[in-house]
Amino acid sequence: MWPRTYRDEVWSQITTANERWDLIVVGGGITGAAILAEAARSGKKALLVEAQDFSAGTSSRSTKLVHGGLRYLRQGQVFVTRRSVKERERLLAEAPGLIDPIGFSLAVFSNDPMPRWMYGLGLAMYDALAWKWAHERQSKAQLLARIPALRGSTAVGGYRYVDAQTDDCRLVLRVLEEATRQGGVAINYVRAQRLLRTSDGTVRGVAVTDTAPFAPSRSAEIEAKVVINATGAWADDLRVQLGQKSRLRKIRGSHLTFASSRLPISEAVSLVHPRDQRAIFAVPWEGVTIFGTTDVDHPSLDEEPAISASEFEYLLEAVHAAFPQLSLTERDVLSTWSGVRPVIGTGKSNPSKESREHALWKESGLITISGGKLTTFAAMARDALIAAETEIGALKPRGPIFEPIGHDRDHPPQWDWPSALNEAQRLRLVGRFGRDATALAADSELATPIPHTVALWSEVRRAARSEAVVTLCDLLLRRVRLGIVLPNGGLDCIDEIKRIAQPELGWDNARWEHEVAQYNQIWLKAYSTPR
Ligand SMILES: Cc1cc2nc3c(=O)[nH]c(=O)nc-3n(C[C@H](O)[C@H](O)[C@H](O)COP(=O)(O)OP(=O)(O)OC[C@H]3O[C@@H](n4cnc5c(N)ncnc54)[C@H](O)[C@@H]3O)c2cc1C
């Protein structure tokens, strides 16, 4: 998609274009990516700048659920839930293999203050909002038969329902791919440093700086009819340049990852923390089990968010209560990760009680969209662009986000697949790589799974060759998620990664060693267990 020279090419396009852009999107998480795609689909001349790597903000650090958020319903946030389930259904239909259904066992424990019937009522509403009936009551015996790992806990039964999950980074990349296919331009490692304004104070563009390591020191001023601030948890940074008051409350959520052999669950489990009855999920994902999350105020966005010792203990306490017979310890944790939710602050004492609804502000011409969820990205993008219609003209009616390639969940495209790949592997490749899936599958040397993962070695080659990788962190944390699914951040197989990726990236040995050292440092600090 993006050859090795692409950043230089985009940079010269940015700096030499004498025509103004229709819009500049600041922020390359899921919200910004979707705005770029939707604008490009409507024929607008659109540019996206991302200060770090695509999805490196919150959009690589979610629980990877595409869901209505049952717990938001419990807090009375019916509108958020209704909108989310609608988006979930749409995404499930549009991108099988990228957004897939996942069964949930909701476990009710003997000390749960909420009576079981209330969960049933909540799930009935949850299904009704999506116009379907997919939940059922589970006796204790049924629950334990489905999730034997819960044996020995105080679970007394519960419910079963269906939601959906994705790979958040691949979702961002796939949306960006759609955007660029339709003429949108996206560049990573370019920070919008400052807003440019006309004499009457209206925002007319951004001053940007190249932040890529090893790139030439360069900056530029870029003009557009409208600037959209899709910087998530960072959104106040641009707004305060206009004299606006900060509105966001930054709330950190952290996860633990276990090998599925140590925490085996055939489907997701929704449970409550024994200490404060907060909802926690254990979710099978890409061959591992994810466990999270927390909700704590996060002081500063200057550094990589990382799990604290108290969050780590809090999550382990819930693991022990739910899965006591597995005797999981700190040593079983493969990796951790933390993300910062952009939440519109209303001063609630408990961060979990803040609404997950998104907000949109138009201030001196700057449109800011923040808050919300991964699940609602397409609706958020649409809202932001509708607010920009005065400046950029009418949009096309809402259409598909992903180019239809004529397949559905039960029928992956009948392309020329190698026989070694089963239906599930084919569907996963189509979901993540669209029409390029067969090229990955046809890489006869590398179309084999990376041990202990569901990813193929050919995904490493593709990412290094054409997915805008600037640092080793981009490759191992966000393109192919080895940094979270393998022990030791995947460094045990770094020689094989080097053999495949180094020639594609064009890094000499000194640069490679530097990248490995940097990666190891970041992984130990932000993706490992707290020291
Ligand atoms: C722990 C956790 C779990 C979650 N789980 C789920 C879930 O399971 N399902 C769900 O639906 N939602 C979930 N969410 C919410 C969801 O992840 C976020 O709502 C979503 O990812 C936000 O996307 P975004 O694009 O708005 O922000 P981000 O992904 O943070 O993107 C903003 C980007 O802007 C960039 N940026 C900042 N300043 C500048 C600048 N000056 N110039 C250029 N770029 C800039 C940043 O580098 C960043 O990449 C979760 C969130 C957290 C924290």
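Let me begin with a definition: contact means heavy atoms within 4.5 Å. A second convention concerns helices and strands, which are DSSP runs numbered from the N terminus, with helices (H or I) of at least four residues and strands (E) of at least two.

What I present today is a predicted model, in which local features need pLDDT of at least 70, side-chain atom pairs count only at pLDDT 80 or more, and totals for chains, interfaces and linings use all residues. Residues are numbered from 1 along each chain as its sequence is written, and side-chain values use heavy atoms, with hydrogens and water left out.

I start with helix H12, residues 423–433. Eight of its 11 residues are buried, so H12 is largely enclosed by the rest of the structure. Buried here means under 20% relative accessible area, exposed means over 50%, and partly exposed lies in between, with a 1.4 Å probe and protein chains only. The buried residues are Arg426, Leu427, Arg428, Leu429, Val430, Gly431, Arg432 and Phe433. The elements that cover them include helix H7 (168–181), helix H13 (437–441) and helix H14 (457–466). At the start of H12, a side-chain oxygen of Asn422 comes to within 3.1 Å of the backbone nitrogen of Ala424. Just after the helix, Gly434 adopts a positive phi of about 55°.

I turn next to strand E6, residues 155–165. Nine of its 11 residues are buried, and the strand is thus mostly covered. Two strands are said to pair if DSSP finds at least two bridges between them. Strand E4 (residues 100–109) pairs with E6 in the antiparallel sense over 10 bridges, and Ser105 stands opposite Arg160 of E6. Strand E5 (residues 136–139) is joined to E6 by four bridges, again antiparallel, with Arg137 opposite Tyr159. Strand E3 (residues 65–66) runs antiparallel to E6 and is joined to it by two bridges; Val66 has Ala164 as its bridge partner in E6.

Beyond four places in sequence, the contacts of Gln165 include Lys64, Leu65, Val66 and Trp285.

Now to the ligand. Which residues come nearest to the ligand? Of the 36 residues around it, they are Thr31, Glu50, Ser59, Leu65 and Thr375; a residue counts as near if one of its heavy atoms lies within 4 Å. Helix H2 (30–41) and strands E8 (190–197), E11 (248–259) and E16 (333–344) each supply at least two residues of this shell. A polar backbone atom of Thr63 is 3.0 Å from a nitrogen atom of the ligand. For Leu374, a backbone N or O atom lies 3.1 Å from a ligand oxygen. The protein covers 96% of the 1000 Å² of accessible area that the ligand has on its own, computed by the Shrake-Rupley method with a 1.4 Å probe.

Finally, Leu482 is found in helix H16 (residues 482–485). Leu482 is buried, with a relative accessible area of 1%. Leu482 and Thr453 are 29 residues apart in sequence and 8.0 Å apart in space, C-alpha to C-alpha.

How values were computed. Polar contact = N/O pair within 3.5 Å; in protein donor to acceptor, adjacent residues only side chain to side chain.
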